[in-house]
Amino acid sequence: MPRAFTPKVVTANALLEGDVIYQTATGWSRDLAEAEVLTDEADADLRLIDAAQQIDTVVGAYLADVDASGDTPKPTHFREDFRAKGPSNYAHGKQEAASHV
Amino acid sequence: MYNYTDFDTAFIKERNAQFRSQVERRIDGSLTEDEFKPLRLMNGLYLQLHAYMLRVAIPYGTLNSRQMHVLADIADKWDKGYGHFTTRQNIQYNWPQLRDVPDMLDALGDVQMHAIQTSGNTIRNVTADHFAGAAADELADPRPVAELIRQWSTDHPEFQFLPRKFKVAVTGSPNDRAVTKAHDIGLRMVERDGEIGFEVIVGGGLGRTPMIGKVLRDFLPREDLLPYLEAIVSVYNLLGRRDNKYKARIKITVHENGLDDFKTRVEERYSLIRPQFTGVDQQLLAGIEADFAAPEFKSAPETEYHDARQHYPAFRAWSDTNLTEHRVPGYAIVTISLKAHGATPGDATSAQMRLMADLAKRYGHDELRISHEQNVILPHVHKSDLPSIYSALKAEGLGTANVGLISDIIACPGMDYCALATARSIPIAQEIATRFDELKLEHDVGPLKIKISGCINACGHHHVGHIGILGLDRAGVENYQITLGGDGTEDASIGERAGPGFSAEEIIPAIERLVLAYLDLREEPAETFLQTYRRLGLAPFKAALYPEAQANAA
């Protein structure tokens, strides 16, 4: 039996701000909740190739594991959790952006 | 202080213009990230976890007030109103946007600063004793030589693609405050027959394979310094390994080939290149030394200082911990703590930077220093001015009386910012400082250096902390390993691993058990943590850290 495929999202940093971004079905979002969850390995590879080609928008695209059991994808590793939230010593980055909404 | 020549100014300007155009070409898609990355790293620009990070060199940790003001202005205009001072006497901005970086570099260039060679496999910012030129125990000011090395190493054509990064530290004092034994090359000024020369130490380093540097020459005459350094780096450039990043530092080159073999090669190379150094470097050095002439010190009564000590306990506590003896009577070296309990170690807001700059201008001969312990120093202050300085500092949250104590913690940015980190460091530092402040124990505990790194690369110097903490990723959970008995001074030693790591929740109580055990174990209050550890060894501390193992064995 083939190994079960852990759901993934394509993530990268935005070229101009360096902020953490996630690939959606139509573009990119700063919010993990809006990321497109990829459940098929071949599809995930294709989406990553697509992301890596967008050299004037994104930097360092890769596939990150997510827990897709809830309504929105959640990080499975603490590093991805920090990337999705921002630093813990100041409410900067994504936390700051969230408070401005 | 050294002032840029026309050549230096033109060089920085041209380099910044080149980088501006490289950034434009990256943004318009003419350069790929693979092409751009080495170019941005050469100019100190990293891409970290949440944003870009610009690392600006503060050569040998010396700044004037105008430069500090510009660092504050940059923080306000292009960052988030603060800067982070690092363990290599640099400042890092955590939130610059790519488009703004060329303007930031131009603003730095206007006050003779840059970010060149703060990254990459080059000779990095040369660090020095942060009390240079002021300390009572000093043979000579190491900064002129550090500046000479900076000029020699900046854009050195032979050394732009070394096997790995290369760090040099210099001290002019027998009490080593520059951690010279944990550098690729450490230089300690020593005196022989009335002449000052250098003890040349090579192959020290922390990281995944920590090593204490070894003495390559016990006395090198001053005029031979540059050719000798060139010989060392040149041998390393050819002999150092390029097949494995983790074995590429000079400490491994020296270790694998043996000190004798390495020394033979260096001496051979040295005899070959020595004649090429015709003395121009010594003429340059003489000019640089004139730039570093000591300020004119005054002679004045110290009455205000002694009165304030007598009447204000808070001032007395601060002056007990944050002052160091100056070589001139009536003067003191002030260490301003960037370690307020619960704050991020090494961070200063723009308002704090401006205040420190203004105090330096008004009371401190316009000089500031950054220490590798992430504090700011006013090296030349007359004691009569200390009460005024203290109240100004206190009003801006800079009056913490904890230098050298348990809450004066070194911490790398860790996984809150760094892309390489395997765990967070900052919250651990914040919690330890807050906890010991609650316990009101830190003055009783006395001198104790805690150093925290968020990965094996050891930017937080954990190997040379009396208590070292290393954050790791153990099966997807942050885990903290403790090392004990490390020391970064002239008696340098690498800390010993205490045992299995602790979770983020367990680590603060573990440190508390350790420190309480020390209080029980010490022979008298004057015996420091490190002295007690050296007297008793690991066992009693291990017992305090792992009471369950102790109970099970019983």
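Helices, of at least four residues, and strands, of at least two, are taken here as DSSP runs and numbered from the N terminus. On this basis, chain A of the predicted model follows the pattern β-β-β-α-β-β-α-α when read along the sequence, with three helices and five strands in all. The C-alpha trace of chain A spans about 45 × 30 × 20 Å along its principal axes. Its radius of gyration is 14 Å, which agrees with the value near 13 Å that a compact globule of 101 residues would have.

Chain B contains 19 helices and 21 strands, and its C-alpha atoms fill a box of roughly 65 × 60 × 60 Å, taken along the principal axes. For the 554 residues of chain B a compact globule would have a radius of gyration near 24 Å, and the value of 23 Å found for the chain agrees with this.

Within chain B, five strands form an open sheet in the order S3-S14-S15-S12-S11, with antiparallel pairing. The edges of this sheet are strand S3 (62–63) and strand S11 (323–325), each of which pairs on one side only. Strand S3 of chain B is joined by two bridges to strand S14 (residues 368–370) of chain B, the two running antiparallel, and B:Thr62 stands opposite B:Arg369 in S14(B). Helix H12 (residues 350–363) of chain B packs on the sheet, where it touches strand S12 (331–336), S14 and strand S15 (376–382), and the direction of the helix makes about 25° with that of S15(B).

A helix pair was also examined in chain B. Helix H3 (residues 65–78) and helix H4 (residues 101–110) of chain B pack at an angle of about 165°, their axes lying 10 Å apart. Because angles over 145 degrees count as roughly antiparallel, H3(B) and H4(B) are therefore described as roughly antiparallel to each other, and H3(B) passes H4(B) in a right-handed crossing. To this contact H3(B) contributes B:Val70, B:Ile74 and B:Trp78, while H4(B) contributes B:Asp103, B:Met104, B:Ala107 and B:Leu108. Classified by residue type, the contact of H3(B) with H4(B) comprises six nonpolar residues, one charged residue and no polar ones.

Between the two chains, the contact takes 22 residues from chain B and 21 residues from chain A. On the side of chain B that touches chain A, ten residues are nonpolar, six are polar and six are charged.

Key: Residues are numbered from 1 along each chain as its sequence is written. Chains are lettered from A and ligands numbered from 1 in the order in which they are written. This is a predicted model: local features need pLDDT of at least 70, side-chain atom pairs count only at pLDDT 80 or more; totals for chains, interfaces and linings use all residues. Axes are lines fitted to C-alpha atoms, for helices over the stretch in contact, and angles run from 0 to 180 degrees between N-to-C directions. Angles under 35 degrees count as roughly parallel, over 145 as roughly antiparallel, 65 to 115 as roughly perpendicular and the rest as oblique. A crossing is left-handed if the near helix is turned anticlockwise from the far one by less than a right angle, and right-handed if clockwise. Two residues are in contact if their C-beta atoms, placed from the backbone, lie within 7 Å. Ala, Val, Leu, Ile, Met, Phe, Trp, Tyr, Cys and Pro count as nonpolar, Asp, Glu, Lys and Arg as charged, and the others, Gly among them, as polar. Two strands pair if DSSP finds at least two bridges between them. The radius of gyration is taken over C-alpha atoms; the globule rule is 2.2 Å times the number of residues to the power 0.38.
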